[in-house]
Amino acid sequence: MMKRVLFLLLVSMGLSAQTTIVSMPIDGSTDTTTECSGVLVDGGGISGNYTSYNNGYVVINPPGNDTVSLSFTNWNLYHGSDFIQIYDGVGLSGSTYLGYYSGSTSTLPNSGNPIQGSSGALTIRFYTNYYGNSSGFVA
């Protein structure tokens, strides 16, 4: 009986735990998250395709000045003109440019290894053109 109660308690606690999911804005705006962990997705969400004409920014800026990293687990952009740019810092001005990733490839950005910033924040830009879309990304 005690094992059954403990099992039910653990299951219910696990089901109530939630992961923060941050969606890239699609309208040129900037969203900021201060979460220390979570999932970053394109505007189509985890399982949908992103739309055309996306242009948005997400700043990952948790408290403190620790290293911030981003690892991609899924990657499928429609065309070379759909891309992500990543900067070490808050915003683009004065931030260090870390990389440009585009296209539909079999290789994840940075080969799936974490993309790290040392400033304590990362700024991510996602841009798509007018033509075509795909399943996007999950990081």
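**Sheet, aromatic cluster and pocket in a predicted model**

G91 sits in the loop between β7 (83-88) and β8, where strands are DSSP runs (E, at least two residues) numbered from the N terminus. This is a predicted model, with residues numbered from 1 along each chain as its sequence is written. Local features need pLDDT of at least 70 and side-chain atom pairs count only at pLDDT 80 or more, while totals for chains, interfaces and linings use all residues; side-chain values use heavy atoms, with hydrogens and water left out.

G91 comes out as partly exposed, at 22% relative accessibility; on this scale buried means under 20% relative accessible area, exposed over 50%, and partly exposed in between (1.4 Å probe, protein chains only). Leaving aside neighbours within four places in sequence, G91 is in contact (heavy atoms within 4.5 Å) with V59 and T123. G91 and I124 are 33 residues apart in sequence, yet their C-alpha atoms are 8.7 Å apart in space.

Strand β4 (residues 55-60) and strand β10 (residues 122-127) run antiparallel and are joined by six bridges; two strands count as paired if DSSP finds at least two bridges between them. Strands of a sheet pair through backbone hydrogen bonds, either parallel or antiparallel. Here, five strands make up an open sheet with mixed pairing, in the order β2-β4-β10-β7-β8. The edges are taken by β2 (30-33) and β8 (96-102), each with a single partner strand, so one side of each has no neighbour in the sheet. On average, neighbouring strands of this sheet are turned by 15 degrees against each other, direction ignored (axes are lines fitted to C-alpha atoms, for helices over the stretch in contact, and angles run from 0 to 180 degrees between N-to-C directions).

T33 belongs to strand β2. At 12% relative accessibility, T33 is buried.

Now for the rings. Rings of Phe, Tyr and Trp (its six-membered ring) pair if their centres lie within 6.5 Å, with planes under 30 degrees apart counted as stacked, over 60 as edge-to-face and the rest as tilted. That rule gives ten aromatic pairs. One of them, F72 with W75, is edge-to-face, at 5.4 Å centre to centre and 85 degrees between the planes. Both partners are buried: F72 has a relative accessible area of 2%, and W75 has 8% relative accessibility. F72 and W75 also belong to one aromatic cluster together with Y50, F126 and F137.

Next, the open space. A pocket is an open set of points on a 1 Å grid over the protein atoms alone where a 1.4 Å probe fits, with protein on both sides within 12 Å along at least five of seven lines; lining residues have an atom within 4 Å of a point. The largest pocket holds about 360 Å³ of space, the volume being that filled by probe spheres set on grid points joined across faces, edges and corners. It is lined by 23 residues, and E35, C36, S37, I60 and S69 are the closest to its centre. β3 (39-41), β4 and β5 (68-70) each supply at least two lining residues, with the largest share, three residues, coming from β5.

Y53, in the loop between β3 and β4, has a positive phi near 60 degrees without being a glycine, and is exposed at 62% relative accessibility.

N110, in the loop between β8 and β9 (115-117), is likewise not a glycine and has a positive phi of about 55 degrees. N110 counts as partly exposed, at 34% relative accessibility.

Key. Helices (H or I, at least four residues) and strands (E, at least two) are DSSP runs, numbered from the N terminus.
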